[in-house]
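Dear colleague,

I am passing on the structure below, together with notes on what was found in it. Please read the notes alongside the coordinates.

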Amino acid sequence: MREKLRAVQVTHRVEREHFSILQGTLRVVCFQRAPASEGIPARNEGMTLLLRIVQKVSPTFYRLGQNVHALASKQGQLRSIRERRPVRGDGSAIPWYTYPAIEYLSQFDFSNASIFEFGAGYSSLFWARRARTVISVESDSGWLEHLKEGVQPNQKVLLRQGRDEYVNAIREQPDLFDVVIVDGRWRHACLEAAMDKVRDDGLIVLDNSDRYPEATGRLRDSDRFQVDFSGFGPVNNYAWTTSIFLRAACRLQKGFAPPLPIAGLRQTFGAQDEE
Ligand SMILES: C[S@@+](CC[C@H](N)C(=O)[O-])C[C@H]1O[C@@H](n2cnc3c(N)ncnc32)[C@H](O)[C@@H]1O
């Protein structure tokens, strides 16, 4: 036990020392920036050098940094936090769901799917790019005005400010939907309506499901599997859960593409690789 404690203390001291070396190095690199006219941008050279030093001095810190980079740049969280809107690093619209849920939903072929969404937003554009039709209901007129500019031909956005008209907007629609997303106001009531209006082989998406234990219980009691995608997402400085509810009859697997995680290693193995 004592040995273990000593080892922890030594590691802690070494890491602390490494950190001060790192801070010093960072200062040096910043001061030694070469003029931009010398060819390769000075910042990249400095950055590469800095990364090499960090890798050498503290492999732990370096690996942690790679993960921070994946979240900040590859997932685009840095830009979304800066701009306070759910976008990737290149500015393209994504839903305000957790990143694991977005990656999961991006695997499927929704080109023939009809979508109904409670709570319009950047998600509406994301779905419009993928699905046959998207109907969104929104209660905030100012927000709707902001979204109107980007509305696509396969999209309809309904303004419903009162509770009943908002919840019942889905019941006014003659057909059932392949996907219903609950991500706006009055979520308990919207989920009840969603269960009535989603196809048996379709799915329901509930964002922030960690805050709605009663509602998720209702969905599970309706003979649906709950699949949770917890983790970080755009804009927010905390993790949350986006859940998908589906029945065994769900036919989404038909358009399934194998996962390609953002910042993954992009390696695949066949059966022959194991011989
Ligand atoms: C958490 S947002 C989610 C909207 C949408 N489903 C998405 O993923 O982008 C829920 C509600 O917040 C309101 N809202 C107000 N300002 C907003 C903003 N800047 N971005 C997104 N929603 C906003 C809208 O009324 C919207 O229906």
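In which sense do strand S2 and S3 pair, and over how many bridges? Strand S2 (residues 133–138) and S3 pair in the parallel sense over five bridges, where two strands pair if DSSP finds at least two bridges between them, and Ser136 stands opposite Val157 in S3. Helices (H or I, at least four residues) and strands (E, at least two) are DSSP runs, numbered from the N terminus.

Please note that this is a predicted model, in which local features need pLDDT of at least 70 and side-chain atom pairs count only at pLDDT 80 or more, while totals for chains, interfaces and linings use all residues. Residues are numbered from 1 along each chain as its sequence is written.

S2 and S3 belong to an open sheet of seven strands with mixed pairing, in the order S3-S2-S1-S4-S5-S7-S6. Strand S3 (155–159) and strand S6 (225–231) stand at the edges with a single partner strand each, so one side of each is left without a neighbour in the sheet.

As for helix H6 (residues 122–130), the residues Ser123, Ser124, Leu125, Phe126, Trp127 and Ala128 are buried (20 or more other C-beta atoms within 10 Å of a residue's own, with C-beta atoms placed from the backbone). The buried residues of H6 pack against S1, S2, helix H7 (141–148), S3 and S4, with contact taken as C-beta atoms, placed from the backbone, within 7 Å.

Best regards

Technical notes
A residue is buried if 20 or more other C-beta atoms lie within 10 Å of its own, exposed if 12 or fewer, and partly exposed in between; C-beta atoms are placed from the backbone. Two residues are in contact if their C-beta atoms, placed from the backbone, lie within 7 Å.
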